[in-house]
Amino acid sequence: MQFTSETSSDGILEQLFTLGEIPGVLWTREGSVGPRPLILLGHGGGQHKKAPGMVARARRFVTEGGFAVAAVDVPGHGDRPKDEEYDRIATENQARVAAGAELAPLIADFQALVARQTVPEWRAVLDALQSLGHVGAGPVGYWGVSLGCGLGVPFVAAEPRVRAAVLGLGGALASAEAAGRITVPVEFLVQWDDERVPRAQSLALFEALASTEKSLHANPGRHGEIPAFELASALRFFARHLG
């Protein structure tokens, strides 16, 4: 892991890094020493590791929870180079939707393809982060909705270091099998009027989770309209399960 820049504001240290070809960012309290719980953030489709919502979320997790927080750009996003294969599939999917195809199965197939790359990438990033003196090998949480859910479900299922996860705005078509291997506590977000993920698919993904402790947070509104108070709920959730 190589740090490429370091800035601080309002007591929060922000460090940009690369791990091989993976660009990422780590937020911690300025002057932090020793291990602490770490939360990995998965960004949405068309976004990146430092999208405004990601930064706001990270800063609250750091200041109010004392967590370390990290995010990386997934393939084809942010500072990652364009991926010709992924771009080709995305273009073909847009043409299929324009011709009347259903969107949800196309999204599910694409996310399942990308997850084959991102799961090992994120596990390598986690290894590197936990080797840092101001992060350490403490408990790990994961937060991701939409694309961050589609890629996050297989990651959480594969990574035993993750002890709790906030997921949502995703469906069962691509993720049900992996969800059946998740047993950690989960807070799951559903937008009742989601125009991208059919409600039945979201509820089926929640049902598929094998966790004995899971809660469904359903709110009215479209895909991108998660209420602001859900961030406070996520903060309490991670504080309860990560310490």
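Predicted model: local features only at pLDDT ≥ 70, side-chain atom pairs only at ≥ 80, totals over all residues.
1. Overall sheet. Nine strands make up an open sheet, and their order is E1-E2-E3-E5-E4-E6-E7-E8-E9, with mixed pairing. Strand E1 (2–9) and strand E9 (214–219) are the edge strands; each has a single partner strand, so one side of each lacks a neighbour in the sheet. On average, neighbouring strands are turned by 15 degrees against each other, direction ignored. As background, strands of a sheet pair through backbone hydrogen bonds, in either a parallel or an antiparallel manner.

2. Strand E5 and its partners. Strand E5 covers residues 68–72. With strand E3 (residues 22–29), E5 pairs in the antiparallel sense over 4 bridges, and Val-25 has Ala-71 as its bridge partner. With strand E4 (residues 38–42), E5 runs parallel, again joined by 4 bridges; here Leu-41 stands opposite Ala-71.

3. Burial of strand E5. How many of the 5 residues of E5 are buried? The count is 5 of 5, and the strand is described as mostly covered. In a regular strand, side chains alternate between the two faces of the sheet. In E5, Ala-68, Ala-70 and Val-72 point one way, whereas Val-69 and Ala-71 point the other way, and all are buried.

4. A β-α-β unit. E4, helix H1 (residues 52–65) and E5 together make a β-α-β unit, which is right-handed.

5. Strand E8 and the helices on the sheet. Strand E7 (residues 162–168) pairs with E8 in the parallel sense over 4 bridges, and the bridge partner of Ala-165 in E8 is Val-186. Helix H4 (residues 147–158) packs on the sheet and touches E4, strand E6 (140–145), E7 and E8. The direction of H4 makes about 145 degrees with that of E6. Helix H6 (residues 199–208) also packs on the sheet, where H6 touches E8 and E9 and makes about 165 degrees with the direction of E9.

6. A buried charge. Glu-187 is found in strand E8 (residues 186–191). Glu-187 is buried yet has no salt bridge. The nearest side chain of opposite charge is Arg-240, 4.8 Å away, and the cut-off for a salt bridge is 4 Å. Residues that Glu-187 touches include Ala-165, Val-166, His-217, Glu-230 and Phe-237.

7. Salt bridge between Lys-50 and Glu-14. The structure holds 11 salt bridges. In one of them, the side chains of Lys-50 and Glu-14 meet at 2.7 Å, N to O. This pair links distant parts of the chain: Lys-50 is in the loop between E4 and H1, and Glu-14 is in strand E2 (residues 12–19), 36 residues apart. Lys-50 is partly exposed, at 33% relative accessible area, whereas Glu-14 is buried at 13%.

8. Further salt bridges. Asp-127 and Arg-161 meet in a salt bridge of 2.8 Å, N to O. Asp-127 belongs to helix H3 and Arg-161 to the loop between H4 and E7, 34 residues apart. Glu-195 and Arg-222 also form a salt bridge, with their closest N and O atoms 3.7 Å apart. Glu-195 lies in the loop between E8 and H6 and Arg-222 in the loop between E9 and helix H7 (229–242), so the pair ties together parts 27 residues apart in sequence. Glu-195 is partly exposed at 40% relative accessible area, and Arg-222 is partly exposed at 44%. Salt bridges with shared partners join Arg-123, Asp-127, Glu-159 and Arg-161 into one network.

Terms used. Residues numbered from 1 in each chain as written. Heavy atoms only, no water. Buried < 20%, exposed > 50% of the residue type's maximum accessible area, 1.4 Å probe, protein only. Helix = DSSP H or I, 4+ residues; strand = E, 2+ residues; numbered from the N terminus. Pairing = 2+ DSSP bridges. Right-handed = clockwise from strand over helix to strand, strands pointing away. Lys, Arg positive; Asp, Glu negative; His and termini not counted. Contact = heavy atoms within 4.5 Å. Axes fitted to C-alpha atoms, helices over the stretch in contact; angles between N-to-C directions. Lists of a residue's contacts leave out its neighbours within four places in sequence.
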